[in-house]
Amino acid sequence: MEEFAAEDLEEIETVIAELEISKERGNLLICTAASPTYRQKVIDVIAGRFPVRLQKVEGGDELISKLKEEKGHEVLIWEFPERLSPDLIEALNNFRELFYRPGAPSLLLLTPSALDDVIRKAPDLWRYCGGYHELKGREGGLAFQVLDVMTTSLHYRDKEDLLRRKRIDEHLLQTLKDERERIKVLQDLGGVHYHLGEVRQAIEHYEQALEIAREIGDRRSEGIALGSLGNAYAALGESRRAIELYEQSLAIYCEIGDRRSEGAALCHWGAANAALGETRRAIEHFEQALEIARNIGDKRGEGATLGNMGAAYADLGETRRAIELYEQALAIDREIGDRRGEGVNLSNLGEAYAALGETRRAIELYEQALTIARNIGDRMGEGNALWNMALAYESLGEAGQAIESPRTEVVRRQLARWQEEAGSDG
Amino acid sequence: MDETLIIHAIHYGNGGAMRASDLAKAYNNMTLEPLKEEEEFKEFYVYRPENAPSPIEGLNDRIRIAEGAEKYLFLGFRGSGKSTELYRLVDMIDQERFLVVHYSIRDELNLSDFDFRDFFVSMALKVLERADDVGLSIFQDIKEDLHRFMKGITMVSEEEITTSKGAGLSLEKFLSLKISQEKKTREVVRKELEMRIGDLLVKLNGLIHEVEDLSGKRLIIVVDDLDKLTRGSQAEDFFYNNYELLLQPNCLAIYTFPIPLTFHPSYEMVRQAFDDDVLLPQLPVKGQDGAIKDDNLNFYMDVIYRRMDRGLVDEEALKKAILSTGKLSEFMRVMREACIRAYRRRAALIGDQDVGGALEKFRRTYDRTISQAHKERLIEIHESKEARDKDNEDDISRDLLFSLTAVEYEDESGRWCDVDPLLLPLVERWRSSQQKT
């Protein structure tokens, strides 16, 4: 049983108990897992406990005829495609009583997506089944990527771009006297360090900017510096501290009536809540941010917030809702030409479909995300896409299909190298 | 006490109907299948409360005094006990005066691929079979004419018929199997009957007359599981485009009818063509005002106490399961899930934590699978207590009733709809989310 995720052990043992107590009487159980290899592990464990007959079914007529022929096994395990065709759904719904006919318990192995179809479109089967068990699986792809709505956004092609900009900023700081201009350059330099992964240095520059802003009473710059510090501490995993800073920045934005920044602060606050596992609280903040973005017509803020909200719902296991939100975010990204956001949302959408067991569809989305990441030189996005694709192929038992990286381990190393290249000091 | 019985959908496999004395047996006593046998009725029936008697008694009275070939629609949500009520009705009908042909189209036809032509072929075959069962010597020409007709429209060969006869199958059974199992045969039948459905109905009515004449009894056809045709064009084509054909057999008939279709704008027209539409309502455990209905609560409790010893379930936990579900099939599923939880933790009885865990599991699953548009409609239904689609294109309410996430109830104050009680804790959250976005 060690091959199962710890949180699934109880579910697996319950399945076994249900099969045991109903083995001569008939039963209809449903078990879902997103990954085909994980579903295979379920089969292996059950086959180790009971005499099992495995039936693979693709279509409705095939299911009906197999059900009618079946008799005399201790446990029947039924395997289905990732998505159930309409005729298969109808057959499941209309012939569900045949699962009891053999006098042996039946276990239906489905993807989460197929279970959704059963609940919506085959209610007779759903109502009739004895128990259902949703397995989480051992490994998913990378965690969703947070879309930032930083008040000062940096655009760069590669690390060399960033290093050049760093040199320019440092040079300017040596000669600049105007305090407001110094604040801007310090903010920019902090952003460069942040993107280079040198978060501690970023904090130093933001703090200098904050100090000057307070000295000269520049409330807007103070708010920006506080928000940037919040982002930096969030990147270091200090989410509580980040939240305190977001609260302070939010108070300032409210005071000066900067609605756009107010929305951004709420969105970042929500992301920090999400990082702390306070997902419902996160959604509340995203909802407030979304309302502001829509009121002021801030498309970029709206898209980023929708994407983050999607990730929060995905975190709650509400994958369908997450998909709806990612798709809305994606439409906005395309409308305003935000290629990075588009790539991130495609990748997150892929994650959601992978969670539903629609692995092939997920791979198509990762491929699109990969193309975008390469086009815009987003190395982390590229690494994420490759990593997720490798995991998806591995879950299909086709690890060799992963683009450029025949084995997951290779991708893992590649990703680690990119992260190292990015100069993480966190 | 009201003599009307409600028959709960309970199946107990090979073990016989017996109240469970341990949790493993209780688990097996809580699967869903209509009751049929005398022993099952004796052990597991629970009387409906006096304030909400079964409509079957009244229907039996209507049949008893009916002078014409009346046609009834029998409606009820899935899992509310329709099939068992029909078994009950068949048992109640005066066998001295009526000859009953009772069958499920689930057994006779392919529910996934089904139309009115298959339906009437199957009906004629069932009447022939029943006549044989009770030993009626149907006039040879009538029988032969029907056999020739059936062979013609199914295009079976004499060789196939001889082989099936050798295997002990009657011609009626053989043809029925071919139609239910072979797509090609269904296609042939439909093509052949395209212009000849009237011909088939004339022959069917000739047979009905012959059966009534020979038996000296009135024929009554009871067709179960037609309500399983609940989706899309198949159900609408059968009930809305061809409902007049259902009135054609010249005998009494009862057809089960899909309740989600009653929310379709065309339903009123169909309903008026039939002599009555008889509803087997869900028994609400709470009224529209939220007050608990003790009689109904006790009814649901008895459903469980018939199936397991009282000591196997904590009374408060049981009440919680009832009040949180409020419809039989879901209540049974929650109790079954709670039962396996208690069994797994080696508890002596099903407790609050088991029921709470089961409820939460179902809620999580529903919350994940219900789309935004459906959530919005559920909020509307909860507020208005009505479930209506806006026009012919809109089928959200029907979808919700089909999947039982919205439920219709009936009590002395009338009929109303509401969200599945299991989902009520989620409604407030959806509503606040809706207001924000």
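Me: Where is the place of B:Arg106?

Reply: B:Arg106 sits in helix H5 of chain B, residues 105-108. Helices (H or I, at least four residues) and strands (E, at least two) are DSSP runs, numbered from the N terminus. This is a predicted model, where local features need pLDDT of at least 70, side-chain atom pairs count only at pLDDT 80 or more, and totals for chains, interfaces and linings use all residues. Residues are numbered from 1 along each chain as its sequence is written, while chains are lettered from A and ligands numbered from 1 in the order in which they are written.

Me: Why is B:Arg106 called partly exposed?

Reply: Count the C-beta atoms. A residue is buried if 20 or more other C-beta atoms lie within 10 Å of its own, exposed if 12 or fewer, and partly exposed in between, with C-beta atoms placed from the backbone. B:Arg106 has 19 other C-beta atoms within 10 Å, so it is partly exposed.

Me: Which residues does B:Arg106 touch, not counting residues up to four places away in sequence?

Reply: A:Asn94, B:Leu111, B:Asp225 and B:Lys228. Two residues are in contact if their C-beta atoms, placed from the backbone, lie within 7 Å. The C-alpha atoms of B:Arg106 and B:Leu226 are separated by 8.1 Å, though the two are 120 residues apart along the chain.

Me: What makes helix H4 of chain B mostly covered?

Reply: Of its 11 residues, 8 are buried. They are B:Lys82, B:Ser83, B:Thr84, B:Glu85, B:Leu86, B:Tyr87, B:Arg88 and B:Leu89. For chain B, 46% of the 437 residues count as buried. For chain A, 53% of the 426 residues do.

Me: Why are H8(A) and H9(A) called roughly antiparallel?

Reply: Start with the angle. Axes are lines fitted to C-alpha atoms, for helices over the stretch in contact, and angles run from 0 to 180 degrees between N-to-C directions. Angles under 35 degrees count as roughly parallel, over 145 as roughly antiparallel, 65 to 115 as roughly perpendicular and the rest as oblique. The axes of H8(A) (residues 179-196) and H9(A) (residues 199-216) come within 8 Å and cross at roughly 160 degrees. H8(A) and H9(A) are therefore roughly antiparallel. Their crossing is left-handed (the near helix is turned anticlockwise from the far one by less than a right angle; clockwise would be right-handed).

Me: How do you know that H14(A) and H16(A) are roughly parallel?

Reply: The axes of H14(A) (residues 299-315) and H16(A) (residues 339-355) cross at roughly 20 degrees and come within 11 Å. H14(A) and H16(A) are therefore roughly parallel. The crossing of H14(A) and H16(A) is left-handed.

Me: How many residues of chain B are in contact with chain A?

Reply: 35 residues of chain B are in contact with 34 residues of chain A. H17(B) gives the most to this side of chain B, with 7 residues. By class, this side has 8 nonpolar, 15 polar and 12 charged residues. Ala, Val, Leu, Ile, Met, Phe, Trp, Tyr, Cys and Pro count as nonpolar, Asp, Glu, Lys and Arg as charged, and the others, Gly among them, as polar.

Me: What confidence does the predictor give chain B?

Reply: pLDDT is the predictor's confidence in each residue, from 0 to 100. Chain B has a mean of 85, and 94% of its residues reach 70 or more. Over residues 1-15 of chain B the pLDDT is below 50. For the complex, the predictor gives an ipTM of 0.71 and a pTM of 0.65.
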